Amino acid sequence: MLGIAALALQPAKTDGKASVSMLNVGQGDAFLIQAPNGAQLLIDGGKDSKVLSELAKVMPVGDQTIDVVIATHPDADHIGGLPLVFDRYDVGLYLTSQVTTDTQVFKDLYTILSEKSIPSYYVRRGMNLVLSPTTSFKILFPDRDTSGWETNTASVVGRLQMGERSALFTGDSPISIETYLAKLDPKSINVDILKLGHHGSKTSSAEAFLRAVSPRLGLISAGVNNRYGHPASEVTARLKSLSI
């Protein structure tokens, strides 16, 4: 896999409205971004087959293609459903960071990527996916090789721009990465919508980071009554105090 600087998509689909769908995959992450021209970006795939039924609810009837899939990092609750997505849909491109694991779900993912000959690349800061003339997804992190890193710390972080609206997707990035990005380029993380890191865990969403992002809306993807206690009470209290 090699990094690429930019990608422009020109899907032959009917123009419509842009949307961001947080898929109900339980304790995991899966988000489908659809540009006005129909281009689609799937960020993570949850832990199991639930992603397929959720995609069916938001994808156009008969649509069997997804232009780009990004795996923020290789934990099972983010990539467990992706082999099923690759089996069901024609995926144009797969992107991720360089961190790896030795889990079976990770091996299954790379087996089907190879079998389907899906173009696969590592991302780097500055890469920009142009989904439509008004919709783009810019990679903010990683800005280096993350081989051998702890998986959450190596999460892909990206900024979505949809017309005048913006959103930040953080995977399971911990506070150390939040602090780094806030110091590196605070303007790039200032958005309307924030997908909170690590399912609302106390290891993410520091107050200083939330203030730097200053979103109007926060999204938390977590399972009901999950064993991790996500979202953490201190995080939800922080959101309330900042009127997010």
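These legends describe several views of a predicted model of a protein chain. Local features need pLDDT of at least 70, side-chain atom pairs count only at pLDDT 80 or more, and totals for chains, interfaces and linings use all residues. Residues are numbered from 1 along each chain as its sequence is written, and side-chain values use heavy atoms, with hydrogens and water left out.

View 1. Helices (H or I, at least four residues) and strands (E, at least two) are DSSP runs, numbered from the N terminus. The C-alpha atoms fill a box of roughly 45 × 40 × 35 Å along the principal axes. Of the 244 residues, 52% are buried. Buried means under 20% relative accessible area, exposed over 50%, and partly exposed in between (1.4 Å probe, protein chains only).

**View 2. Contacts and surface of the protein chain.** A contact means heavy atoms within 4.5 Å. Among contacts between residues at least 6 apart in sequence, 67% join residues at least 24 apart. The accessible surface comes to about 10,900 Å². Carbon and sulfur atoms hold 52% of that surface. Areas come from the Shrake-Rupley method with a 1.4 Å probe; for residues, only the protein chains shown count as cover.

**View 3. Strand E10 and its partners, E9 and E11.** Strand E10 spans residues 157-162, and five of its six residues are buried. Two strands pair if DSSP finds at least two bridges between them. Strand E9 (residues 135-141) runs antiparallel to E10, joined by six bridges. Lys138 stands opposite Arg159 in E10. Strand E11 (residues 165-169) also pairs with E10 in the antiparallel sense, over five bridges. Here Met162 has Arg165 in E11 as its bridge partner. E10 and E11 form a hairpin with two residues between them. In the turn, Gly163 has a positive phi of about 65 degrees.

**View 4. Cis peptide bonds at Pro142 and Pro231.** The bond from Phe141 to Pro142 is cis, with omega near 10 degrees. Pro142 sits in the loop between E9 and E10. A cis bond also joins His230 and Pro231, with omega about -5 degrees. Pro231 lies in the loop between strand E13 (217-219) and helix H7 (233-241).

**View 5. Positive phi at Ser117 and Ser214.** Neither residue is a glycine. Ser117 has phi near 55 degrees. Ser117 lies in the loop between helix H4 (104-116) and strand E7 (120-122). Ser117 is exposed, with a relative accessible area of 59%. For Ser214, phi is about 45 degrees. Ser214 belongs to the loop between helix H6 (207-213) and E13. Ser214 counts as partly exposed, at 41% relative accessibility.

**View 6. His198 and the residues that it touches.** His198 is in the loop between strand E12 (193-195) and H6. His198 counts as buried because its relative accessibility is 17%. Leaving out residues up to four places away in sequence, His198 touches Asn152, Gly171, Asp172, Thr203, Ser204 and His230. The C-alpha atoms of His198 and Ala30 are separated by 12 Å. Along the chain, His198 and Ala30 are 168 residues apart.
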